[in-house]
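Trainee: I am new to this structure and should like to go through it step by step. May I put some questions to you?

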Amino acid sequence: MAHSTMLHVRVDDEIKTQASEALAAMGLSVSDAVRILLKRVVHDQAFPLELKVPNAQTRAAMEDARAMAKARTARFDSADALIDDLENAHFGASQKARQQ
């Protein structure tokens, strides 16, 4: 067996807790996830996720999401309102495509 070494990483407590819970639901520990990440980097000789600078629209959406999370508010009053908005966006886009 290969010699192992300790890796220390500083992470926000809330992120660690949330990640630990999500990983546990997958049957993994944080250490397992880090090992998987590092093995992929070695195997692929690349970071396993595509990293991009977000465009202006994405940055605005990210800021809105952070503000809503901080204020503990929601964009929609109900699940029905969310579904209606999604359907309107979908059908509106389909209608625009047909008009062009």
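Trainee: How many helices and strands does the protein have?
Mentor: This is a predicted model, in which local features need pLDDT of at least 70 and side-chain atom pairs count only at pLDDT 80 or more, while totals for chains, interfaces and linings use all residues. Residues are numbered from 1 along each chain as its sequence is written, and side-chain values use heavy atoms, with hydrogens and water left out. Helices (H or I, at least four residues) and strands (E, at least two) are DSSP runs numbered from the N terminus. Along the sequence the pattern reads α-α-α-α, and the count is 4 helices and 0 strands.

Trainee: What is the radius of gyration of the protein?
Mentor: This radius is taken over C-alpha atoms, and the globule rule is 2.2 Å times the number of residues to the power 0.38. For 100 residues the rule gives 13 Å; the protein lies well over that, so it is more spread out than a compact globule, with a radius of gyration of 20 Å.

Trainee: What percentage of the residues is buried?
Mentor: Buried means under 20% relative accessible area, exposed over 50%, and partly exposed in between (1.4 Å probe, protein chains only). Of the 100 residues in the protein, the buried share is 1%.

Trainee: Which element has the highest mean pLDDT, and which the lowest?
Mentor: pLDDT is the predictor's confidence in each residue, from 0 to 100. The protein has a mean of 87, and 90% of its residues reach 70 or more. Where pLDDT is low, the predicted coordinates should not be read in detail. Among the elements, the highest mean, 96, belongs to α2, and the lowest, 76, to helix α4 (residues 79–99).

Trainee: Which helix supplies the largest share of the lining of the largest pocket?
Mentor: On a 1 Å grid over the protein atoms alone, a pocket is an open set of points where a 1.4 Å probe fits, with protein on both sides within 12 Å along at least five of seven lines; lining residues have an atom within 4 Å of a point. The lining has 21 residues, and Leu-7, Val-30, Ser-31, Val-34 and Arg-35 lie nearest the centre of the pocket. Both α1 (13–25) and α2 (30–44) supply at least two lining residues. The largest share, 7 residues, comes from α2.

Trainee: How many residues of the lining of the largest pocket are nonpolar?
Mentor: Ala, Val, Leu, Ile, Met, Phe, Trp, Tyr, Cys and Pro count as nonpolar, Asp, Glu, Lys and Arg as charged, and the others, Gly among them, as polar. Beside 5 polar and 3 charged residues, the nonpolar ones number 13.

Trainee: Where is Arg-72, and what is its phi?
Mentor: Arg-72 lies in the loop between α3 and α4. With a relative accessible area of 78%, Arg-72 is exposed. Most residues other than glycine have a negative phi. Arg-72 is not a glycine, yet its phi is positive, at about 55 degrees.

Trainee: Is Gln-45 buried or exposed?
Mentor: Gln-45 is found in the loop between α2 and α3 (56–71), and its phi is positive, near 55 degrees. Its relative accessible area is 66%, so Gln-45 is exposed.

Trainee: How far apart in space are Ser-29 and Ala-19?
Mentor: Ser-29 sits in the loop between α1 and α2 and is partly exposed, at 32% relative accessible area. In sequence, Ser-29 and Ala-19 are 10 residues apart; C-alpha to C-alpha, the separation is 9.0 Å.
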